[in-house]
Amino acid sequence: MKIRQISLLQDFKCLAGACPANCCKGWLIPIDEKTYQKYISQKGILGTALRLSIKKKNDIISFRSTPRGCPFWGMDKLCGLQKRYKTEYMPQVCIDFPRQLYNLDFFCEETLYLACPEVAGLFLNCVVKELPFSFNEASGEVSYEVNTTNDDSEYLDYLLNARKELILRLNSNWNFNSLAFIEYGTDAQNACIHKSKLPSPLDTKYDSLAAEPVSIDCNTYNKLFFNGFYHSALKSSSPLIYKLCCRYIQKFHALSRTNPQKADNSLKALLNSVCDKIPWFDRLLKRYYEYYIIFSFLDTFEDYSFARRLKCGIYQTYMLWLFIALYTEKKKSVSIEELSKLIALYERRAPQINDAMTKINQES
Ligand code: SF4
């Protein structure tokens, strides 16, 4: 099997007990069927402890959440299960994280979740030093299962090339929020439906939309916040994200209802203020969207949902912009370590933006 590994992987090393945002906190940790069966059949005190540590809700089995995160997370900030039994009783998701292991049958792609602060730090290093994200290729056996039901290799080749071309566009004259992304996505989706020729992002027909942004205002941010992203439970699961959500709600949400224009102006001023504190901030937003494309564009192999995926990434980038702006509001500058932690924590909630998209799409 050909395995394509993102270049960041070779430098990744888990921070373990020194991690500022341990992966056990801030989200649900699902337990796969194989591990669940092991927990169910395990005898003795260990079996009792394992069974007491899990819960089932809406058919999803996960670890119970304690105020400190996973019940097996120790005072030494290390996983108690891993320390005693290595990976024997760890759910697959804990073994794999922060690697995204994607088996497309024709090849495998291994990338890294930005939800890990060490990965976010490696990502920021590439942004600051203007290093490209590349893939190293190797051959070997993989233990993870095929993630797709599609066997159309020609279409997969098209996606690989289109992804490359989208990144070329992003590195030339398209900003992360360019309407051209949505136009291309809509064309590609229609071509799939009508089985016509798939478009190239390099087509000059998109040039006229390159400078047109997908705009955002308080009203849209409100929808992004209140359709899954914000939840009062964040107070204990992710205090920093909760604090920043509250700051947004107090400052902009109420005002947007009474005086939308004033709220939008004030929001714009806050967003623009980040560029003075982080001189390479424009580049950060572009590279974040680039990483998003690298990480999730191939999912269209399964669902053909080009426009929605590209738009979701734009909103995800806008939302990150807002969180960094809220975080730096009262600061003169921000360190790479602070940003890495913030990006990692934000990423643990960011998948919720996909749900909010349904609401935004219904109304547009
Ligand atoms: S979040 Fe990343 S660095 Fe931190 S403990 Fe998990 S894998 Fe290690």
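Where does Pro98 lie? Pro98 sits in the loop between α4 (92–96) and β4 (99–103). The views below walk through this spot and a few others in a predicted model.

View 1. For background, most peptide bonds are trans.

**View 2. Lys86 has a positive phi.** Phi of Lys86 is near 55°, and the residue is not a glycine. You will find Lys86 in the loop between α3 (80–85) and α4. Its relative accessible area is 62%, so Lys86 counts as exposed.

**View 3. Tyr304 also has a positive phi.** The angle at Tyr304 is about 60°, again in a residue other than glycine. Tyr304 belongs to the loop between α13 (300–303) and α14 (306–328). With a relative accessible area of 33%, Tyr304 is partly exposed. As a reminder, most residues other than glycine have a negative phi.

**View 4. A patch of negative charge gathers on the surface.** Its members are Asp105, Asp151, Asp152, Glu154 and Asp157. Take Asp152 as a landmark: this residue is in the loop between β6 (135–139) and α6 (153–170). Asp152 is partly exposed, at 34% relative accessibility.

**View 5. The cysteines form zero disulfides.** A disulfide here needs two cysteine sulfur atoms within 2.5 Å. The cysteine sulfur nearest to that of Cys245 belongs to Cys246 and is 6.8 Å away, so Cys245 is in no disulfide. Cys245 is buried, with a relative accessible area of 0%, whereas Cys23 is partly exposed at 35%.

Note on methods:
Residues numbered from 1 in each chain as written. Predicted model: local features only at pLDDT ≥ 70, side-chain atom pairs only at ≥ 80, totals over all residues. Heavy atoms only, no water. Patch = residues over 30% accessible without salt bridge, like charges linked within 9 Å, V, L, I, M, F, W, Y side chains within 5 Å. Areas by Shrake-Rupley, 256 points an atom, 1.4 Å probe, with all protein chains shown as cover. Salt bridge = Lys/Arg side-chain N within 4 Å of Asp/Glu carboxyl O. Lys, Arg positive; Asp, Glu negative; His and termini not counted. Charge placed at Lys NZ, Arg CZ, Asp CG, Glu CD. Helix = DSSP H or I, 4+ residues; strand = E, 2+ residues; numbered from the N terminus. Buried < 20%, exposed > 50% of the residue type's maximum accessible area, 1.4 Å probe, protein only.
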